[in-house]
Amino acid sequence: MQALQSHIFAVREYLSPVLKESKFKEHGRITPEEFVAAGDFLTYKFPVWTWEKGDASKTREYLPSDKQYLVTRGVPCLRRATSLAYTDADEDAERLLSFAEGPTASGEADEWVETHAGRKATQDSAGNAGTIDDIPDLDGEKDGDAVTRGLAGLSVSGNQSASAEVPEVTPDLDDIPDMEEEDLEDGDEATAAITAKPVALVPATLKPGVVNQADALNPNLLQVRTYDVMISYDKYYQTPRVWLIGFDENGTPLTPTQIFQDISADHANKTVTIEPFIHSASLQAASVHPCKHASVMKKVIERMNNSVVEEQLAHRKLSSSTSGKDSKEKEGKKKWPFSRKSSGTGKDVVPQAGGEDEEVEGMRVDFYLVVFLKFIASIVPTIEVDSTTSF
Amino acid sequence: MPIVQFAPFTSLVQPSFWHELTRLKIDVLKLSDDAVPIRGSYTTGRSVVDRESGQEIALGCNLSVGSESFEKDHKHDRLGSAHASGTVKNYNTIEDFKAADKTALFNGEADKIWNQIVTTRDTSLLTHFLLITFADLKKYKYYYWFAFPAFVSKPAWEIDEAGWTSASTEYTPEALASIYTQHRNIDAPSFFLVRSSGAEVTVGTVESLEEFYSQTPDSPITVGFIDPSANPTNPGWPLRNLLAYLHALYPTKTHSVRVLCWRDAEIPSTGNWKSKFGTVSVPNTESVEGATTKPSAVGWEKNPQGKLGPRVADLAPMMDPTRLANQAV
């Protein structure tokens, strides 16, 4: 069933034409060239990201052979998304925090709520329109409950290695050959004790309501998982696509069920599925299905672009001697293109910006992947894919 | 003075490594269980700030292998990362795996490292690992055990009273940035030497030590290495063999060694350098001839239970077609 579906996707991707014309501001989609440009920018600004060749037999000819997909390894994930117990209100707050830096005007909060609302609407309409049909979906609450139960069991068993309740997800310890050889080497005074499970202080700010079962049992324990995150280009949807491979704190690969713990409840089992990674002959990875990416990116880019245009205009007015664009670039990392000016609400300036669009460049397509990562961060809230805020 | 405690490597095996091993076993190795050379890589120690508690949490000291580990001439040009050579030995049956003479295998690898040190003075084998595996291909289960041989110094290295301090207390930000840029241009970036004259710093390879310090023969040696540990008080495993190397080849110069634990993958924009600096020394250094005999080595990796034993990777959930089909519906 799923294999068949993957094949259909592959054929469909093969048949669909390569997008030639840049339209990233109009509908959030990008061309392969723009994907490479945005990827180059990402790897330049944030060297944790690198280009990879991938499997030679899976090379996409519309991308340079040495720039098939982007990868960053060992992305930390301190907590399970299921432990965050998001409500809609929280999610809005999260989005506001992740985009706007520094003091924010209250008008912006509305805009972000708007974005979120818009996204909900597109999801629904897309579902009605029938494009959602080809996504493997859960039907009915019964299955959903089963998954929730499975996850609840997992978070307990994850702490205490083996648990009889979920034998199929934890490696059966009986299978490990009984060959511990403590006499293989003597204790060594110069070897530091391994801290495989880092101990942190009890997060005092946690509300009792959001503490999940695992935390309640083991308040001092943080299960630091790491993820390898890949971004490939999806020719059919003309957007980047994210793939995840996870490891637990002992370096053991995570099972699909465990990976779903790190994906916000809105998306786990719906838009995130385990599929063969398109640049590898055999590797399976969790992937965020890209069917919604373009519409979400369009919304986000619209806001970003308005603010960037606004900022560039402001620069132009302030310093007519030095070119606004140049000085912005010189300021480098600190000056984020979408850090809003608190003066003036966006709505007032937009009409002006529209009139002078020929003069100011607006958001460059290079930033596409940086913005895209912020969007992905909302799907996987506890995986720190968005390293861009820490710089 | 406290003894220097080194943070041991923990292995991180990418699923692609098992895929590649499976392919190799079926198509190339077949029934042979000869050792195969592979490569691993490690990066500068990473830590992450917990958004909820605000604490900085050091991540594991990982040595990772992936599908590219089998490529002979794979160049991994990522910033702040280094190579480790290794040997993988895959057994045909679980009985063979259990019965393997681990001590002999381990000593064999340790001898390789030591011979490389005393004969060629090459640092490329200093971080060398051994991996023994048994691949249960039908069940998608992989049993494995890593060893990272490191020589034990008797007496042990000690750190002076100042302990491990931030590198920015020893070097100016400009000097550190200069080290960063120069260090990217040298051939073997895992280990390097630092020489400072006034405000200027120069970076060189460890192999060229005598030449490098020929101007100032009496000044203490300063070595740097890509430190996979992010722990504030424990330098990473690679330093162990580097110190053994220096002590074996330059016993008169290494009563006291200045160590730069390089932990910055890029120049920090906040000026907050993560690299550490410390001065380590060996108390009452023995006679010169004592230093050239091979010391004993340690380094078998412990399993998640903290015992010396093999680990198991169960890839059935990600590889078994039936399990995948169940999960997808």
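A residue is called buried when its relative accessible area is under 20%, exposed when it is over 50%, and partly exposed in between, with a 1.4 Å probe and protein chains only. By this criterion, 52% of the 391 residues of chain A count as buried. The structure is a predicted model, in which local features need pLDDT of at least 70 and side-chain atom pairs count only at pLDDT 80 or more, while totals for chains, interfaces and linings use all residues. Residues are numbered from 1 along each chain as its sequence is written, chains are lettered from A and ligands numbered from 1 in the order in which they are written, and side-chain values use heavy atoms, with hydrogens and water left out.

Chain A comes to 13 helices and six strands, where helices (H or I, at least four residues) and strands (E, at least two) are DSSP runs numbered from the N terminus. Contact here means heavy atoms within 4.5 Å. Among chain A contacts between residues at least 6 apart in sequence, 70% join residues at least 24 apart.

Turning to chain B, strand β6 (residues 81-91) has nine of its eleven residues buried, so it is largely enclosed by the rest of the structure. Strands are taken to pair if DSSP finds at least two bridges between them. Strand β2 (residues 35-43) of chain B is joined to β6(B) by nine bridges and runs antiparallel to it; here B:G40 stands opposite B:A84. Strand β7 (residues 128-136) of chain B runs parallel to β6(B), with seven bridges between them, and B:F129 in β7(B) is the bridge partner of B:G86.

Strand β15 (residues 276-281) of chain B holds B:K276. This lysine is buried, with a relative accessible area of 18%. Beyond its neighbours within four places in sequence, B:K276 is in contact with several residues, including B:W164, B:P232, B:L260 and B:R263.

Helix α3 (residues 102-120) and helix α7 (residues 238-249) of chain B pack at an angle of about 40°, with their axes 10 Å apart. The contact is made by B:I113, B:W114, B:I117 and B:V118 of α3(B) together with B:N241, B:Y245, B:A248 and B:L249 of α7(B).

Notes: Axes fitted to C-alpha atoms, helices over the stretch in contact; angles between N-to-C directions.
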